[in-house]
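Please open the model in a viewer and keep the selection panel at hand. The stops below proceed from individual residue pairs to helix packing.

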Amino acid sequence: MRKFLNVLAALAMLSLTNCGYNAIQTNDEQVKSAWSEVVNQYQRRADLVPNLVNSVKGFAQQEKDVLLGVTNARAKVGSIQATPEVLNDPAAFQKFQAAQGELSGALSRLLVVTENYPQLKSDALFQNLMTQLEGTENRITVARNRYIKTVQDYNVGVRTFPNNLTAMIFGYKEKPNFSVANENEISTAPKVDFNPAPAPAAPAK
């Protein structure tokens with residue numbers, strides 16, 4: 001009897017392998033791993049925000065609306081639980097994208113404002129924070145691009161025959177990915193430029 005059960009188990013494993021079950025599992029784990037890195041880099045950026053806001057506040061307290069916008073955007077990002085379950089919920093994934101895009105926009109507005117404060121731009125702490133922010137934005141781009149590729153591989157796997165039959169049986173569905181519009185919006189790191197803008201040319205007489 002035990003020998004018969006072992007044979008059945010072996011046949012079942014062979015069947016699952018041939019129908020793409022193992023490939024789906026592998027791709028699913030790769031998506032989760034890539035997502036963890038995306039979240040890790042976004043968290044790294046969020047952790048920089050309080051110090052950045054305080055640094056700017058020390059030189060430009062009058063920019064309250066801009067500073068508040070960054071703080072609120074960061075709070076919204078922090079209120080979203082970016083667990084792996086988000087990957088199976090297009091609405092939750094879109095909410096996550098929107099919050100990160102809002103923080104990117106708020107940071108960009110903050111950096112535009114800092115151009116008006118030469119003393120701030122020459123401050124060593126501010127320069128260090130800007131360097132960290134720029135590096136983090138680059139890491140976000142790399143992590144997000146890796147996630148996009150792993151999701152693409154996963155989605156192709158669960159849509160192609162015979163894997164699609166296995167996916168349907170076990171409840172594996174396509175996962176949402178970063179949209180093209182959002183990718184264009186948040187793939188560009190905030191511009192960090194410590195050089196003063198050139199003075200406008202004098203009007204011709």
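Select Glu29 to begin: this residue is partly exposed, with a relative accessible area of 46% (buried means under 20% relative accessible area, exposed over 50%, and partly exposed in between, with a 1.4 Å probe and protein chains only). Helices (H or I, at least four residues) are DSSP runs, numbered from the N terminus.

The model is predicted: local features need pLDDT of at least 70, side-chain atom pairs count only at pLDDT 80 or more, and totals for chains, interfaces and linings use all residues. Residues are numbered from 1 along each chain as its sequence is written, and side-chain values use heavy atoms, with hydrogens and water left out.

Next, select Glu102 and Lys76. Their salt bridge has its closest N and O atoms 3.1 Å apart. This pair links distant parts of the chain, with Glu102 in helix 4 (residues 90–114) and Lys76 in helix 3 (residues 64–78), 26 residues apart. Glu102 is partly exposed at 32% relative accessibility, and Lys76 is partly exposed at 40%.

Move on to Glu115 and Lys121, a salt bridge with 3.2 Å between the closest N and O atoms. Is Lys121 buried or exposed? At 7% relative accessibility, Lys121 counts as buried, whereas Glu115 is partly exposed at 32%. Now select Asp28, Glu29, Lys32 and Lys175, which salt bridges with shared partners join into one network. The count of salt bridges comes to nine.

Display helix 3 and helix 4 together. Their axes come within 9 Å and cross at roughly 160°; axes are lines fitted to C-alpha atoms, for helices over the stretch in contact, and angles run from 0 to 180 degrees between N-to-C directions. Helix 3 is therefore roughly antiparallel to helix 4, a description applied to angles over 145 degrees. The crossing is left-handed, that is, the near helix is turned anticlockwise from the far one by less than a right angle. Residues in contact (heavy atoms within 4.5 Å) include Leu67, Val70 and Lys76 of helix 3 and Glu102, Leu103 and Leu110 of helix 4. By class, the residues of this contact divide into eleven nonpolar, two polar and four charged. Here Ala, Val, Leu, Ile, Met, Phe, Trp, Tyr, Cys and Pro count as nonpolar, Asp, Glu, Lys and Arg as charged, and the others, Gly among them, as polar.

Keep helix 3 and bring back helix 2. The two pack at an angle of about 165°, with their axes 10 Å apart, and are therefore roughly antiparallel to each other. Their crossing is left-handed. Ala46, Asp47, Val49, Pro50, Val53, Val56 and Lys57 in helix 2 meet Leu67, Val70, Thr71 and Arg74 in helix 3. The contact comprises seven nonpolar, one polar and three charged residues.

Finally, select Phe161 and Pro162. What kind of peptide bond joins Phe161 and Pro162? The bond is cis, with omega about 0°. Pro162 is located in the loop between helix 6 (124–159) and helix 7 (163–170).

Conventions:
A salt bridge is a side-chain nitrogen of Lys or Arg within 4 Å of a carboxyl oxygen of Asp or Glu. Angles under 35 degrees count as roughly parallel, over 145 as roughly antiparallel, 65 to 115 as roughly perpendicular and the rest as oblique.
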